Amino acid sequence: MSEPKPPTPTPGDTYKGWLFKWTNYIKGYQRRWFVLSNGLLSYYRTQAEMGHTCRGTINLATANIAVEDSCNFVISNGGAQTYHLKANSEVERQRWITALELAKAKAVRMQAESDDSGDDCPAVPPTSGQGGGCRNSNSEVQSTLRTLNSKVEDLTTCNDLIVKHGSALQRSLSELEGIRVGGDMGDKIRQVTERATLFRITSNAMINACRDFLSLAQSHSKRWQKALQVERDQRIRLEETLEQLAKQHNHLERAFRGATVLPSSFSNPALGNKGGVPGKGDASDEDDDNEFFDAMEDPAEFITVPADPKYHRSGSNVSGISNETGMDDQSVNFDELSLASNPESPQSLELEPVRQRRTRIPDKPNYYLNLWSIMKNCIGKELSKIPMPVNFNEPLSMLQRLSEDLEYYELLDKAAKCQSSLEQMCYVAAFTVSSYSTTVHRTGKPFNPLLGETFELDRLKECGYRSLCEQVSHHPPAAAHHAMSEKGWTLRQEITLASKFRGKYLSIMPLGSIQCLFDKSNNHYSWKKVTTTVHNIIVGKLWIDQSGEIDVVNHKTGDRCHLKFAPYSYFSRDVPRKVTGVVTDKDGKAHYVLSGTWDEKMEFSRVMQSSKGENGTEGKQRTVYQTLKAKEIWKKNPLPEGAENMYFFSSLALTLNEPEEGVAPTDSRKRPDQRLMEDGRWDEANAEKQRLEEKQRTTRREREREAVKAVSPSEEAVTEDSINDSPLKTDAVETGTEANEVSDESAHQDNYQALWFEKLDDPASGETLHVYKGGYWEAKEQGSWDMCADIF
């Protein structure tokens, strides 16, 4: 079928259609979608881009339109921008020429009217778009000129005083010169006289320059007013243009929804074989200078558009939709989406706070430390092997930072109540994103836990959960975490940090797995963490970014959520810290789309239909999802007042190091160096930190000696030699709580058995991790901590 003929353009109408635009000698003419509106000619690669990506715009008020042959014409604005265009036929070209000439005449007329009204303010009542109109701008300019005039008068008065006192100074110097006190003194007096004369000349020049500036400002005041009014008019025209673009986008969406079966190029009407030019190039990159950013950002993997209004009808109507619409039988009732906003009435009634937690800690002291003097010899090394003073720490241990993942435990409470595993996946995915919201301003390094160090977070009476962390390995450093809730979920994780310092930035790669189990449904989820990057380590203000991809997997049902954390890019047009995700079932069918940022909020929306859309910038075909209206599933809690002086701690983080009775002697709250740092006594904290490091090195040497004694005599001699030759015999400076590594693998593992966790194989995920074996909370109730070692 041939394309429908567009209507003949009339003045003021928006004109749009397909044209071929010359790109370069390699690609030649490429098919582009052009839109003419309000004196501006814009083009896009596809119609789908009209809502978010404009590839170029030219103002017809200053442009020249030239016809080359029957189908080709050129639009240029004097060399800065030149579009070589070609239509399908001479008739189509003439339609475009007519529309362009009409739009140009209108734009020139509007500009002429604006120029004529520059000297005299236009008699237009002020509107909100004009910000008060010309009267306000005139009064502002006159007020500024009066202020400048008063300042110049003040400078003139000062100049008169300088001239008066300068003349008196010169007379005194002349009289002093006539005394004939000596050759050297006379030379010095003449030198002072010359400098006084130069000073007077300079002050006069300054005053003259100020007078010239004031005269110039007064003569150009009308021109300033005119330029200001022109800018305001252009802003109004731009707003109108954006409104037209929004209408065009809405029209495109209606056309999209009206199609029963969407072809792979739904937004490109069939061009046929007119003109003998193939309709390729929509997925190609143009080599124009204004498109350099295309190669700098990662294109979106999918596009979402509002679903057809018919999908918002009652469940009885929706149930008749075929499977092609992308729906499943168990989710025809959309009342489940209201869980994102409904209050948890049982929780608010049952869980009442039983104690008042602290809301402040001592303010962070302002200590100066030369970071480069510490880091210059550490490029390429592991962070755990860099000697760091407490000046770069925050008064929390890594175990406490791990417990901060429970900041938004309510998401797991809501997930435990979900009947649908797909909806439950949305809450679990939102929980994985929420754990990064506390890191956006947290540039301080947490204390490396000592081997055997623990941290308990008992919020059973207040929030219905309690958790336990233990440092279960020293080389490599690893921490195990177990949290259990009365709401029917269990969270467990084992995290090992691998970090590299690269000079300008620091990369922290968390290794290990996180698992969440729900008692009611027996759903078993697992995922991993993304990479954290700390930028501007040496120069500039520190800032943190999260980047990478997470796959949240339900091992029972096969459901999956693929989350993508977009890295920050200066050239990107997306919002910073963006996160997107799609929830799919075991067959790969999409059911929910998640979007938001990892530092603010996340939303989820129901997928009603999906189809293959236009090719992306890299030739990849992107999926288009029709979705219902998005609902907020998670939002970050505001930081407490004065958080910038308290290491940007959240309300939960402020309570983590609060002294508490009955905890184990190995609890992080009892670390002396960490407590001294929180109190602002950093010098004492550094000394205490060194003492703990040396104590841990000594303890490890003793364990190695005991391991040597346990082997056979023939092996003992060899192992003793290896121990004597190993770095353990030296007292090199280490970081945090790190002991020197040994060369053989057996010593590298440290032969340490965790106290509250045991290493098990998980049959569902196929991973090996430390799992809580019980006994801690019973020991706390009995007050029996005899099994705990003295690590502090």
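User: What makes Val 607 part of a strand, and why is Val 607 called buried?

Analyst: In this predicted model, Val 607 falls in strand S22, which runs over residues 601–615; strands are DSSP runs of E with at least two residues, helices are runs of H or I with at least four, and both are numbered from the N terminus. Buried means under 20% relative accessible area, exposed means over 50%, and partly exposed is in between (1.4 Å probe, protein chains only). Val 607 has 1%, so Val 607 is buried.

User: How do you know which parts were predicted with confidence?

Analyst: By pLDDT, the predictor's confidence in each residue, from 0 to 100. The chain averages 75, and 72% of the residues score at least 70. Over residues 118–134 the pLDDT is below 50, and this stretch has 26 contacts beyond near neighbours in sequence (contact means heavy atoms within 4.5 Å). Where pLDDT is low, the predicted coordinates should not be read in detail.

User: What rules are behind these values?

Analyst: The model is predicted, so local features need pLDDT of at least 70 and side-chain atom pairs count only at pLDDT 80 or more, while totals for chains, interfaces and linings use all residues. Residues are numbered from 1 along each chain as its sequence is written, and side-chain values use heavy atoms, leaving out hydrogens and water.

User: Why is the pair of Trp 543 and Tyr 568 called edge-to-face?

Analyst: The structure holds 20 aromatic pairs. Rings of Phe, Tyr and Trp (its six-membered ring) pair if their centres lie within 6.5 Å; planes under 30 degrees apart are stacked, over 60 edge-to-face, and the rest tilted. Trp 543 and Tyr 568 have ring centres 5.5 Å apart and planes at 75°, so this pair is edge-to-face. Trp 543 is in strand S18 and Tyr 568 in the loop between strand S19 and strand S20, 25 residues apart. Trp 543, at 30% relative accessibility, counts as partly exposed, and so does Tyr 568 at 44%.

User: What makes Arg 31 count as sitting over the ring of Trp 18?

Analyst: A charge sits over a ring if NZ of Lys or CZ of Arg is within 6 Å of the ring centre and within 35 degrees of the ring normal. The charged end of Arg 31 is 4.1 Å from the centre of the Trp 18 ring and sits over that ring.
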